[in-house]
Amino acid sequence: MEKLKNKVAVITGGNSGIGFGIAEAFKKEGATGAITGRNQATLDCSTEALSEAFIGIQGDVTNQHDLENIFRKTADKFGKIDVLVVNAGGVVDGIPMGSISDVTEEGYDRYMDLNLKSAYFTVQKSLPYLNDGASVILIGSSAAHRAAPGMAIYSAAKAAVISLAKGLSLDLLSRNIRVNTISPGSIDTPVFGKLVPEEHLEQVKQTWIDMIPVGRQGLPSDIGKAAVFLASDDSAFIVGTEILSDGGMTNLS
Ligand code: NDP
């Protein structure tokens, strides 16, 4: 039986990497809904992976009007929202993560806006449309637990996202809405191409693999499976917690 039959989901950043993997996994389990991203050209849902199940809605998650528009359009099309995956985030275009001496105030604010503030307001703007029994999944990061050079701001923002999920869980229990976090480890997505020059890509990925006890990078589908569990009624008693999906990197390496 399909675990997400009749459920409507919104997945921010569902046009790429982890978000797309989650959308594919949701479709396989019978969900419909919307994926979002800033670039309309990347929101084509007519491909086999998402066709007839998902629509693409353009929007910048750091823009409050765009967030309102995303949820209004989804509700207009599907009537209600059962699952929200707050996934958009990661690297800010044109602003590399860096060591403390290189980071400007603008860079700091842009990383916090994209990875923390947008998560808070994505949840807030979804509230008028979330169904009784809805599941909200925030995408954190193993970086919240395991330091890496030059990633202090990103790590701090993602640690705050995990805290946010706990706090919002309590606030939203009265509406019968569950909030949890999935924290991915190193997952093979286009983000590496944004961080590392092409000629060093394989070497950098191998460095990550060497730190992962299971001996491979994660795949977007690994995170998709965890998200199906948190979105489904199988996890009805799981509230305000974090699933660390990192191949053992944080706790075993
Ligand atoms: P990708 O770069 O493949 O995807 C990032 C997504 O976020 C894209 O869909 C992008 O869409 C969207 N996005 C970025 N900025 C904005 C914005 N301002 N408004 C709307 N959408 C935006 O990266 P991943 O799939 O790897 O990352 C997805 C999430 O997983 C992020 O939150 C990241 O921090 C987290 N993560 C990733 C890990 C990894 O190893 N890959 C590890 C741990 C956490 P577009 O550019 O079209 O707007």
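**Ligand shell and sheet**

A: Helix α1 (residues 17–28) gives the largest share of the shell around the ligand, 3 residues. This is a predicted model: local features need pLDDT of at least 70, side-chain atom pairs count only at pLDDT 80 or more, and totals for chains, interfaces and linings use all residues. Residues are numbered from 1 along each chain as its sequence is written.

Q: How many residues surround the ligand, and which are the closest?

A: A residue is near a molecule or strand if its C-beta atom, placed from the backbone, lies within 6 Å of it. Here 26 residues surround the ligand. The closest are Gly13, Gly17, Gly37, Arg38 and Gly89.

Q: In what order do the strands of the sheet run?

A: Helices (H or I, at least four residues) and strands (E, at least two) are DSSP runs, numbered from the N terminus. Two strands pair if DSSP finds at least two bridges between them. Here 7 strands form an open sheet, β3-β2-β1-β4-β5-β6-β7, with parallel pairing. β3 (54–58) and β7 (242–245) are the edges; each has a single partner strand, so one side of each is left without a neighbour in the sheet.

Q: Over how many bridges do β2 and β3 pair?

A: Strand β2 (residues 32–37) pairs with β3 over 5 bridges, in the parallel sense. Thr36 stands opposite Ile57 in β3.

Q: Which strands does helix α2 touch?

A: Contact means C-beta atoms, placed from the backbone, within 7 Å. Axes are lines fitted to C-alpha atoms, for helices over the stretch in contact; angles run from 0 to 180 degrees between N-to-C directions. Helix α2 (residues 64–78) touches β1 (8–11), β2, β3 and β4 (81–86), and its direction makes about 155° with that of β2.

Methods: Contact = placed C-beta atoms within 7 Å.
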